[in-house]
Amino acid sequence: MRDLIRADVHDRTRSLGWLAVWWIETFCVHGPGDVQGTDVKLDDEFAGFILDTYSVGEDGRRLYDSAFISRAKGRAKSELAGFIALFEAMGPARFSHFSDGTDYYERNGQIYKYAEGEPVGVEITAPVIRCLATEETQAGNTYDNIYFNLTEGPLGEGLPRDAAGLARIFLPGGGEIIPSTASSSSKDG
């Protein structure tokens, strides 16, 4: 059983999530594990989660300032978090305007054509992204996926050789990605 709580004006057709799903499936690969390095194909649940998370109102403002997904261990939640962090760090993750049908996004020869009325995204200037978790392995799983994508995947092309480190990633144009964990005493509450 699950509960989806959405704003009254929620409309999946008015979401940067369509672009986010395309971006993740186009530029990300699976991180460490048995499918490491293979192309990403998001299932309906994860794609729907992204569509809902990036929904915008008629004024272009995001409808939600936080999103939460809870599933059993092994569902690839940390990997999904890594993909979303990569989109936030390097993709057009913020609203610019609604398309008149002539807009497109291009990266490395790949082109996404916006539908008329679809939200158009722009990249964030100097994003600072923290991979937060109560346990080191949770933050590590997310960060390891990000690190792998930026050292072994297509997103690493053009990055300076030492931009992606084990404790911090410096993003082109400014910004960084940092893994962080809460103190061990916070695990109980």
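**Pockets and a buried serine in a predicted model**

In this predicted model, 20 residues line the second largest pocket, and D3, L4, I5, F49 and F68 lie nearest its centre.

Reader: What makes a residue part of the lining of a pocket?
Author: A lining residue has an atom within 4 Å of a pocket point. For the second largest pocket, 20 residues line a space of about 500 Å³. They divide into eight nonpolar, four polar and eight charged.

Reader: Which residues lie closest to the centre of the largest pocket?
Author: The largest pocket has a volume of about 1,400 Å³. Of its 44 lining residues, K77, S78, L80, A81 and T142 are the closest to the centre. By class the lining holds 18 nonpolar, 13 polar and 13 charged residues.

Reader: Which element supplies the largest share of that lining?
Author: Helix α3 does, with eight residues. At least two residues each come from α2 (44–53), α3 (77–90), β5 (128–133) and α4 (136–151).

Reader: Why is S15 called buried?
Author: Buried means under 20% relative accessible area. S15 has 0% relative accessibility, so S15 counts as buried. S15 lies in the segment before α1 (17–27).

Reader: How do you know that the side chain of S15 makes a polar contact with G17?
Author: The limit for a pair of N or O atoms is 3.5 Å. The side chain of S15 reaches the backbone nitrogen of G17 at 2.8 Å, and a polar atom of that side chain lies 3.4 Å from the backbone oxygen of Y54. Both distances are therefore within the limit.

Methods: Residues numbered from 1 in each chain as written. Predicted model: local features only at pLDDT ≥ 70, side-chain atom pairs only at ≥ 80, totals over all residues. Heavy atoms only, no water. Helix = DSSP H or I, 4+ residues; strand = E, 2+ residues; numbered from the N terminus. Buried < 20%, exposed > 50% of the residue type's maximum accessible area, 1.4 Å probe, protein only. Polar contact = N/O pair within 3.5 Å; in protein donor to acceptor, adjacent residues only side chain to side chain. 1 Å grid on protein atoms, 1.4 Å probe; cavity = no way out; pocket = protein on both sides within 12 Å on 5 of 7 lines; lining within 4 Å. Points joined across faces, edges and corners; volume = space filled by probe spheres on them. Nonpolar A, V, L, I, M, F, W, Y, C, P; charged D, E, K, R; others polar.
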